[in-house]
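Thanks for coming, everyone. Please look at the sequence and the model on the screen while I talk.

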Amino acid sequence: MIGLYTAEEIRAAEEPLLAETPPGTLMQRAATGLATVCVRLLHGVYGRRVALLVGTGNNGGDALYAGARLAARGARVTAVLLDAERAHPAGLAALRRAGGRVRRAEGPDVRDLVARADLVLDGILGIGGSGGLRPVAAELSTAAAEGAGLTVAVDVPSGIDAGTGAVDGAAFPAMHTVTFGAVKLGLVVGEGRAHAGQVHLVDIGLEPHLPAATAHQLTDADAAARLAPPSATDDKYSQGVVGIVAGSTTYPGAGVLCTGAALRTRPGLVRYAGTAADGVRAAWPEVIVTDGRPGDAGRVQAWVVGPGMGTDAAARSALDEVLATDLPVVVDADALTLLAEDPGPVRGRSAPTLLTPHDREFARFGAEVGADRVAAARRLAADLGCAVLLKGEATVVADADGAAFVNGTGTPWLATAGTGDVLSGIAGAVLATGPRAVEAGAVAAHLHGRTGQLAAQRGPLVAGDLVRRLPEAVGRVRGLRPDRLGDSEA
Ligand SMILES: NC(=O)C1=CN([C@@H]2O[C@H](COP(=O)(O)OP(=O)(O)OC[C@H]3O[C@@H](n4cnc5c(N)ncnc54)[C@H](O)[C@@H]3O)[C@@H](O)[C@H]2O)[C@@H](O)CC1
Ligand SMILES: Nc1ncnc2c1ncn2[C@@H]1O[C@H](COP(=O)(O)OP(=O)(O)O)[C@@H](O)[C@H]1O
Ligand SMILES: [K+]
């Protein structure tokens, strides 16, 4: 698992490391790592035009030292100083010694210089920044985005909140972020995720000083550990039997998609109860189907309740029946709407319970999500005493005790009707194998995102494509290299 940290946690960990290393050591390690990644991304350095956007803090120092290394290898490097009197003096001297040039940000043709660069390095603000970019920095960031060159953020894209991913005003739009010591939470969630692009982690020796992370991102290997193939001693009942309460005569498709997703994730045994019984039976002859109540379906190890089932009295009664069991439950869609009116039945549960709202469903529980998505998911989880999976570009899963996961897989092509029904079916199948609800949610979101990436390789996807390609995605998750972070190409 990849630990995700706030700026405060990073600063606390840096303190003892700074004390035990000679002055400047960490910045040299950071700049060396940064320059190495830039060389790789540029495919050659000699003659390349590099613009450094340099702020007043150590983040600017990192950019200047990395720029000096690139200049020493023949790049044409220009530092653009946002506050000429306060730029890192030793970094500036190093850049000049290596043949780099220095300009003020207010200069007449600086915007063009940035727009024409092969590489723009954002050393404006690091974890010491607060609030959005000021006007000159914002304008140069826009020039970098509009130019044809690579945009690379140093440690964090300037203007994002490193701990939450919130953007208040303008922020640097990076294609890549080279981050030091540990991955900051704000690089993988909220608006920060899109601003950070692909994240590269540079080791500066911080790891022994880092606290245990309270937020994580799963790798393929982590997810694969929860998607183990059946063993020789397994039978159809022993792999976690899933019960689905979804769909209706009005929306049979939700029942078909949700049931199919559970079956394709963990094809031991899936049971279905609901009024979309005919549709489910026709689509999935492998499933044991009843058009009666959940209790008529037979024994299961976990329930999924909600997608497309409606919000009438019969739906309420089915939800109450499922929540009154001592079995793990995934609560999605219409069941969330019902639950928001009266969350009582969830508060008293001791079995694993996972709620899977999107933003609008989340807001029905009393408060908007806001810019800090991890905090929002943690808040609702603590309030209800269960796990909450908050869907979005980067899905967040949080538990009542504060443990959180930020999903790193997926594609915007998933923003299409029915993909949420598929997610809850996957989550039910994973939950039936016995993990904590928060962990089941994280694994489900990871697999769902990988399936989306796989399906999107062939163009626009619909939810049914996800169901069809789930077995292949499970196989890929088992075999893919585990070290790719938020890489939508993988
Ligand atoms: N502390 C360490 O041990 C290391 C720090 N490193 C680098 O140092 C960075 C943190 O450096 P600093 O603490 O100097 O802080 P930053 O470089 O992040 O910037 C802080 C400066 O920006 C100003 N500022 C804050 N918000 C602003 C805004 N919205 N607009 C304009 N100016 C603003 C502050 O007044 C302060 O002068 C890290 O992100 C990393 O890049 C690395 O060199 C590795 C080692
Ligand atoms: N822009 C996006 N980028 C990546 N994933 C997205 C994006 N928008 C939505 N998704 C994902 O698509 C799914 C949509 O679920 P949901 O809103 O419940 O749809 P539905 O109710 O139609 O099934 C979620 O898993 C969500 O994380
Ligand atoms: K930066």
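**Starting from Asp122**

Let's start inside. Leaving aside its neighbours within four places in sequence, Asp122 is in contact with Leu53, Thr151, Val152, Ala153, Val154, Pro157, Ser158, Phe172 and Ala174. In contact means that the C-beta atoms, placed from the backbone, lie within 7 Å.

Some ground rules. This is a predicted model: local features need pLDDT of at least 70, side-chain atom pairs count only at pLDDT 80 or more, and totals for chains, interfaces and linings use all residues. Residues are numbered from 1 along each chain as its sequence is written, while chains are lettered from A and ligands numbered from 1 in the order in which they are written.

Back to Asp122. Its place is in strand β5, residues 119-123. Helices (H or I, at least four residues) and strands (E, at least two) are DSSP runs, numbered from the N terminus. Is Asp122 buried or exposed? Asp122 is buried, because 34 other C-beta atoms lie within 10 Å. The cut-offs: buried is 20 or more other C-beta atoms within 10 Å of the residue's own, exposed is 12 or fewer, and partly exposed is in between, with C-beta atoms placed from the backbone.

Now Ser158. Ser158 lies in the loop between β6 (150-154) and β7 (176-180). Ser158 is buried too, with 27 other C-beta atoms within 10 Å. Beyond its neighbours within four places in sequence, its contacts include Asp122, Ile124, Leu125 and Gly129.

Why pick these two? UniProt, in an unreviewed entry, lists Asn59, Asp122 and Ser158 under "binding site". They are spread over 100 residues of sequence, yet they cluster in space, with a largest C-alpha distance of 9.5 Å. A caution: UniProt positions are given in the numbering used here, feature names are shortened, and annotations may be inferred rather than shown by experiment.

Next, ligand 1. Which residues come nearest to ligand 1? Of the 24 around it, they are Gly57, Asn58, Asn59, Gly126 and Gly128. Around, or near, means a C-beta atom, placed from the backbone, within 6 Å of the molecule or strand. The elements giving two or more residues to this shell are α1 (7-20), α2 (25-42) and α3 (58-72). The largest share, 4 residues, comes from α3.

The end C-alpha atoms of residues 10-212 lie 12 Å apart, and the span is 39% helix and 19% strand.

Now another part of the chain: strand β14, residues 302-305. Both faces of β14 are covered. Ala302 and Val304 are buried on one side, Trp303 and Val305 on the other. In a regular strand the side chains alternate between the two faces of the sheet.

What pairs with β14? Strands pair if DSSP finds at least two bridges between them. Strand β11 (residues 242-245) runs parallel to β14, joined by 4 bridges. Strand β15 (residues 329-331) is also parallel to β14, with 3 bridges. The chain crosses from β14 through helix α11 (residues 313-323) to β15, and this β-α-β crossover is right-handed. That is, with the strands pointing away from the viewer, the path from the first strand over the helix to the second runs clockwise.

Last, zoom out. The protein has 18 helices and 19 strands. Of its 490 residues, 56% count as buried. That's it from me.

Methods: Two residues are in contact if their C-beta atoms, placed from the backbone, lie within 7 Å.
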